[in-house]
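Open the model in your viewer and get ready to select some residues. Each stop tells you what to pick next and what is there.

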Amino acid sequence: MNIWTYTIIIGVLTFLSRYLVTAYANTKTYSELTKKVLSYVPSAVFPSLIFPAIFYKNNSLIFLSNEVYSFVAALIVSIIFKNIFLTVITGIIVYLLIIFI
């Protein structure tokens, strides 16, 4: 599968993990601690879905690839600026520059 397929699948799974908890659960019955813990579930699921798409190809661990370079650039931008939009745009631009240049 290519990176776009993974991205769409991850987006759908992230959406469903958030939606199902909020749509079908009565949040008034949860304690504040439970609500706080459940708010981290999508954040914990996302890396476990995205890291194999970045670091694995042909059943082997790869540290030097176009995806890894884009990931590192996006990671640096996210640490410096703490802006999700800028992080995503940086990752996309770096990836496109690498594959087209």
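This tour of a predicted model visits a core, some aromatic rings and one threonine.

**Stop 1: the core.** Select Ile 10, Ile 50, Ile 54, Phe 55 and Val 68. These five residues make up the largest nonpolar core. Three of them come from helix α3, residues 41–55, which gives the largest share. In soluble globular proteins, nonpolar side chains tend to be buried together.

Now pick Ile 54. What is it in contact with, leaving aside neighbours within four places in sequence? Look for Ser 65, Glu 67, Val 68 and Phe 71.

**Stop 2: the rings.** The structure holds five aromatic pairs. Select Phe 51 and Phe 71: this pair is edge-to-face, 5.5 Å centre to centre, with 80° between the planes. Phe 51 lies in helix α3 and Phe 71 in helix α4 (residues 66–81), so the pair ties together parts 20 residues apart in sequence. Phe 51 is partly exposed, at 38% relative accessibility. Phe 71 is partly exposed too, at 23%.

Is Phe 55 buried or exposed? Phe 55 is buried, with a relative accessible area of 15%.

Ring pairs link Phe 51, Phe 55, Phe 63 and Phe 71 into a cluster.

**Stop 3: a threonine.** Go to Thr 90 in helix α5, residues 84–100. Thr 90 counts as buried because its relative accessibility is 16%, under the 20% cut-off. A polar atom of its side chain lies 2.7 Å from the backbone oxygen of Leu 86. Beyond neighbours within four places in sequence, Thr 90 is in contact with Ala 73, Ala 74 and Val 77.

Methods. Residues are numbered from 1 along each chain as its sequence is written. This is a predicted model: local features need pLDDT of at least 70, side-chain atom pairs count only at pLDDT 80 or more; totals for chains, interfaces and linings use all residues. Side-chain values use heavy atoms; hydrogens and water are left out. A nonpolar core is a set of buried Ala, Val, Leu, Ile, Met, Phe, Trp, Tyr and Cys residues joined through side-chain atoms within 4.5 Å. Buried means under 20% relative accessible area, exposed over 50%, partly exposed in between (1.4 Å probe, protein chains only). Helices (H or I, at least four residues) and strands (E, at least two) are DSSP runs, numbered from the N terminus. Contact means heavy atoms within 4.5 Å. A polar contact is a pair of N or O atoms within 3.5 Å; within protein, one must be able to donate a hydrogen and the other to accept it, and residues adjacent in sequence count only if both atoms are side-chain atoms. Rings of Phe, Tyr and Trp (its six-membered ring) pair if their centres lie within 6.5 Å; planes under 30 degrees apart count as stacked, over 60 as edge-to-face and the rest as tilted.
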